[in-house]
Structure formats: structure tokens, C-alpha cells
Amino acid sequence: MPHLEARRLTKVFGPDPDSVLPLLRDGVGKDEILERTGHTVGLQAVDMTVEPGETFVVMGLSGSGKSTLVRCVNRLIEPTTGTLRLDDTDVLALSSGALRELRRRRMGMVFQRFALLPHRSVLDNVSFGLQVQGVPRAERERRAGAWVERVGLQGYERALPRELSGGMQQRVGLARALCTDPEVLLMDEAFSALDPLIRREMQDELLRLQAELGKTIVFITHDLDEALRLGDRVAVLKDGLLVQVGTPAEIVMHPADDYVRAFVEHVDRSRVLKVRHVMCTAAAGSPLANGSALAEGVRLQANMPLHEALALVASASEAAIVVDTSGRTVGRLDARTALSALVRGHGEPSR
Ligand SMILES: Nc1ncnc2c1ncn2[C@@H]1O[C@H](COP(=O)(O)OP(=O)(O)O)[C@@H](O)[C@H]1O
Ligand SMILES: [Mg+2]
């Protein structure tokens, strides 16, 4: 069962959103609806499922509806129509009291502009959610202190936000969101305001934490590289419509339309694709399947990034054997196949 599930989620901004729904159903576009009715379409019938422990990235140009989508999930923005479930909870049916509880206990949010409380220390910012929950001071400081350490800010517990760099402030934002141990973490352009190097550092930090925590994460970004790096799956929004959902490899190798193609055109495929995405798979019963015929050749892990594999297969005279984590042969890869996968329109997976 998905952890989070949106069905036909729709948001129209303006004085009479319901009046616009028939136009949307008839396929009238966002621009025309604005022109004819003065309403802005934020989201159009978005279907989205996020699995437990998945990092689900929503990507799109500015104005495509990313923030609207993530804010509909915790109802900071009230959807116009559609359904939304968190496990068994019908989120859109919740009373305001129940919704407040859901935001306090089950969902955490990290914002682009950190949104820290300026006159509170790092420790008090991180423990804020627990304070709101009524957790006694000693316990919340203990729990918050552990998170401050976990995001690499030990020694800064008593510092004020303004005394920290942008990257450090966002570490506080992350620790604050995680401190209440939410089921779902919502991150809206959380790293977009950071300098490139710091941004990459924060991406690594999130990947490291996520490997330990296995949270369900909805991560919003307009940056393709970030999306491909962080996402188990990536959803691409355009004018409030979900135009494609897929793994990073699927998005890069099979863009659904010109909009997605324009995004992925210049991406370094060798860093997105893994050996398993481009290898020739072993047919059952073939000599390859038991690996004996090629036992002396180069061995590659199926999950190895293609750019690392290229260095190994480039100089090998025979195809390399591809093995899974248990050492079982799952395919083979030669230099020619590896290279052609890097060229747009070639190297479709042979699965
Ligand atoms: N409060 C609002 N009132 C009217 N229009 C809005 C409001 N919030 C967002 N929009 C519009 O909805 C669309 C999606 O915006 P947004 O979700 O903020 O996009 P993104 O986060 O992808 O940049 C845009 O056309 C934006 O102008
Ligand atoms: Mg936004």
C-alpha cells in the first residue's frame, strides 16, 4: 500500500474555483482559463503515489505547481477537488484539530528560506516541534540535542540562526523537521537557496540520513541534477499537470514529451545510468547465465554508475560480466554497448 496517495488532486486559485472545473475537464489549458475566467490553475488532476521509505522528487519549471502540490499534501493549501490519503487517513476529511495533530506528529516540512525563529537558539529551534507537542523541556532538549549532532552541528546548540551560514541554517531546518520523527518529510526547494558546493553537501547529507532513516520524502526541486541524484522516482510537473513519473533512468532514457526532453537533454547520462540499465541481460540457460564461459573477464556490479564501468570496460577485450549484490551473474556489458547508451536515442535498456 502506498504511504501517500493523491488522486485527481486539483487546485484552482481565484474567486470561484468550482466554476472552472468543467473547463478543466474539457481539456481547456491553463493560459486560456486564466484569460477567460481570471482563475489560475495550480494543479490539474494529479495522480501520485509515494511508497513507504521512498524519496519522491517533484520537478518542474518555476510556476509549474510544485509548491502547490507539496502544500496540498499537508493542506497549507486547500485542494479544490481530489482525494488525498496518508496510510488510512483521509487527509482532506480531517477537522482543523485533527489536521493540526497530523502536521505536528506525522508530517515535517523543510522550506527553502529555512524559516527559523531568529531569537531562538539552534537547540530551541530544533526542539520547537516537541515543545508544541508538550514534551517536557529536559526530554525535548535531549532529543533535539541528538538531532543537532546528527546533522553535524554539535557545539552550535546555543548559537542563534544569524550566526550560522546558509548551509548550517538549513541543517537546523532539517533537524527541526526530523526531531518530531514524522512519517513523511516534505521538502520544498530546501537546498535551492544554497551555493552549489554547499548544496551538494546537503544532498549528500540527506542521502546519508535517508539511508539510516528510510523516511517517506516528497522533495521539490526545479533542478534536474538534484532530482536525479536524490530521487528514487521523479515526477515532472508542467502547468499543474504531471507529465511523467519514473525512475531517474527512465526519465533520462525515455522522456515522455518535449518538455521533459528539454530538461534531460544535457544531462550527463553516465552519472545517472547504472550498469544494470544498459547491460545485455543473461538469457536463462545460456553459457552467460552461469558465468563459466566468461569467468576470467572483468566483473561489474549491476548498481555501478556507468561512468565508473566505462573506465573498466574500455580497455577490456571481452564483455564484462555483470553481477548482482549476491554475486549472481545477471548480464554482460561491452564497451560498445556502454558507449552507445550515452548517446541520446540509443542504448535503450534490453530488459
Ligand atoms: N496564492 C495564489 N494565488 C494565485 N495564484 C497562485 C497562488 N499560489 C500559486 N499560484 C499560481 O499557481 C501556479 C503554481 O505555482 P507554484 O505552485 O508556486 O509553482 P512552483 O512552486 O512550481 O514554482 C503558478 O501559476 C502561480 O502563479
Ligand atoms: Mg515553489
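Here is a short chat about the sheet, the helices and the ligand.

Reply: First, this is a predicted model, where local features need pLDDT of at least 70, side-chain atom pairs count only at pLDDT 80 or more, and totals for chains, interfaces and linings use all residues. Residues are numbered from 1 along each chain as its sequence is written, while chains are lettered from A and ligands numbered from 1 in the order in which they are written.

Me: What makes β6 and β10 the edges of the open sheet?

Reply: The six strands run in the order β6-β7-β8-β3-β9-β10, with mixed pairing. Strands (E, at least two residues) and helices (H or I, at least four) are DSSP runs numbered from the N terminus. β6 (107-110) and β10 (241-246) each have a single partner strand, so one side of each has no neighbour in the sheet.

Me: How do you know that β6 and β7 pair?

Reply: Pairing takes at least two DSSP bridges between two strands. β6 and β7 (184-188) have four, in the parallel sense, and one partner couple is V110 with M187 in β7.

Me: Which residues count as being around ligand 1?

Reply: Those whose C-beta atom, placed from the backbone, lies within 6 Å of the ligand. Among them are F13, T40, S62 and K66. α3 gives the most, with three residues.

Me: What is the make-up of that shell around ligand 1?

Reply: It divides into one nonpolar, nine polar and one charged residue. Ala, Val, Leu, Ile, Met, Phe, Trp, Tyr, Cys and Pro count as nonpolar, Asp, Glu, Lys and Arg as charged, and the others, Gly among them, as polar.
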